[in-house]
Amino acid sequence: MTNTLVTGGNKGLGYETARRLIALGHSVIICARDREKGEAAAQRLGARFVQLDVTNDASVNAAAAWLQQQPGGLDVLINNAGIAGARTPVPDVTAEETRVVFDTNVFGIVRVTHALLPLLRASKNPVIVNVASGLGSFEAVHDTSRIESKVAALAYCSSKSAVTMLTVQYARALPEMRINVIDPGYTATDLNHNSGTQTVEEGTDAVVKLATIGKDGPTGTFQDRAGVLGW
Ligand SMILES: NC(=O)c1ccc[n+]([C@@H]2O[C@H](COP(=O)([O-])OP(=O)(O)OC[C@H]3O[C@@H](n4cnc5c(N)ncnc54)[C@H](OP(=O)(O)O)[C@@H]3O)[C@@H](O)[C@H]2O)c1
């Protein structure tokens with residue numbers, strides 16, 4: 001049985017990722033910062049639940065300690081939790097606004113990964129999937145045929161570029177693990193007030209694919225549902 005943890009699993013892409021991985025036979029633990037929402041979602045999914053706010057060291061450490069006591073350990077970590085931040089015109093964005101977005105989207109991944117690496121190291125096939133965005137891809141934002149080239153979001157886009165680079169760094173440092181980063185594609189969720197053009201099923205194709213790879217699977221890649229994406 002593959003034991004899989006999804007951060008931000010109470011709704012949106014995280015919830016759909018959990019639903020699909022459970023259907024594929026994973027034992028899934030969903031995390032949410034809000035206990036009530038998380039427990040309700042876990043019950044609907046048939047998942048386990050642990051409270052986890054990716055911006056809070058004590059919360060992450062408590063979740064890691066709880067996981068240590070769980071049978072089966074941890075095989076797959078999906079760093080999905082993320083926020084869009086305020087819709088401020090680029091020249092008006094403050095350092096504080098940027099810090100808030102980075103605290104969730106970037107430092108959150110480091111906080112959670114750092115706390116859970118000892119558990120992943122004990123797995124026979126440790127896998128990490130980080131959820132970035134095409135908005136963090138330098139190639140996509142420079143391609144005028146792509147929607148990413150029309151979006152101005154200083155904190156969000158730069159935070160997602162940081163997610164791609166930290167994935168490369170982890171993948172190089174931990175060759176015994178499969179560590180990849182994905183772009184879900186523009187998907188209707190609360191993050192974009194449901195303006196996304198993809199369904200959550202389409203938006204989770206890449207994360208599900210990379211969460212289910214074996215030891216011979218890729219590592220250090222950036223992918224969307226169509227395949228490899230330019231950095
Ligand atoms: N939707 C898209 O088009 C799209 C495209 C590219 C990338 N993404 C990325 O996909 C991921 C999932 O986003 P989504 O579209 O599913 O958005 P969503 O529906 O807003 O879900 C975001 C999830 O992250 C959780 N979260 C936020 N801050 C957190 C924190 N401090 N600690 C723990 N959990 C936290 C939210 O919890 P609450 O319910 O408590 O807020 C929620 O469960 C994000 O990383 C996002 O950047 C989305």
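The legends below describe a predicted model, in which local features need pLDDT of at least 70, side-chain atom pairs count only at pLDDT 80 or more, and totals for chains, interfaces and linings use all residues. Residues are numbered from 1 along each chain as its sequence is written.

View 1. Helices (H or I, at least four residues) and strands (E, at least two) are DSSP runs, numbered from the N terminus. A residue is buried if 20 or more other C-beta atoms lie within 10 Å of its own, exposed if 12 or fewer, and partly exposed in between, with C-beta atoms placed from the backbone. Gly46, which follows H2, has a positive phi, near 80°.

**View 2. Asn10 in the loop between strand S1 (3-6) and H1.** Asn10 is buried, with 25 other C-beta atoms within 10 Å. Two residues are in contact if their C-beta atoms, placed from the backbone, lie within 7 Å. Apart from neighbours within four places in sequence, Asn10 is in contact with Tyr15, Ile30, Ala32, Asp34, Lys37, Gly38 and Ala41. Glu36 is 26 residues away from Asn10 along the chain, and their C-alpha atoms are separated by 9.7 Å.

**View 3. Helix H3 (residues 57-68) beside helix H4 (residues 95-121).** The axes come within 10 Å and cross at roughly 20°; axes are lines fitted to C-alpha atoms, for helices over the stretch in contact, and angles run from 0 to 180 degrees between N-to-C directions. H3 and H4 are therefore roughly parallel to each other (angles under 35 degrees count as roughly parallel, over 145 as roughly antiparallel, 65 to 115 as roughly perpendicular and the rest as oblique). H3 supplies Asp57, Val60, Asn61, Ala64, Leu67 and Gln68, which meet Arg111, Val112, Ala115, Leu116 and Leu119 in H4. By class, this contact of H3 with H4 has seven nonpolar, two polar and two charged residues (Ala, Val, Leu, Ile, Met, Phe, Trp, Tyr, Cys and Pro count as nonpolar, Asp, Glu, Lys and Arg as charged, and the others, Gly among them, as polar).

**View 4. H4 against helix H6 (residues 154-173).** H4 and H6 pack at an angle of about 20°, with their axes 8 Å apart. The two helices are therefore roughly parallel to each other. Residues of H4 in the contact include Val101, Phe102, Ile109 and Val110, and those of H6 include Tyr156, Val163, Leu166 and Tyr170. By class, the contact of H4 with H6 has twelve nonpolar, four polar and two charged residues.

**View 5. His193 and Asn194 in the loop between strand S6 (178-182) and helix H7 (200-203).** His193 has a positive phi, near 50°, in a residue other than glycine. Asn194, also not a glycine, has a positive phi of about 60°. His193 is exposed, with 9 other C-beta atoms within 10 Å. Asn194 is exposed, with 10 other C-beta atoms within 10 Å.
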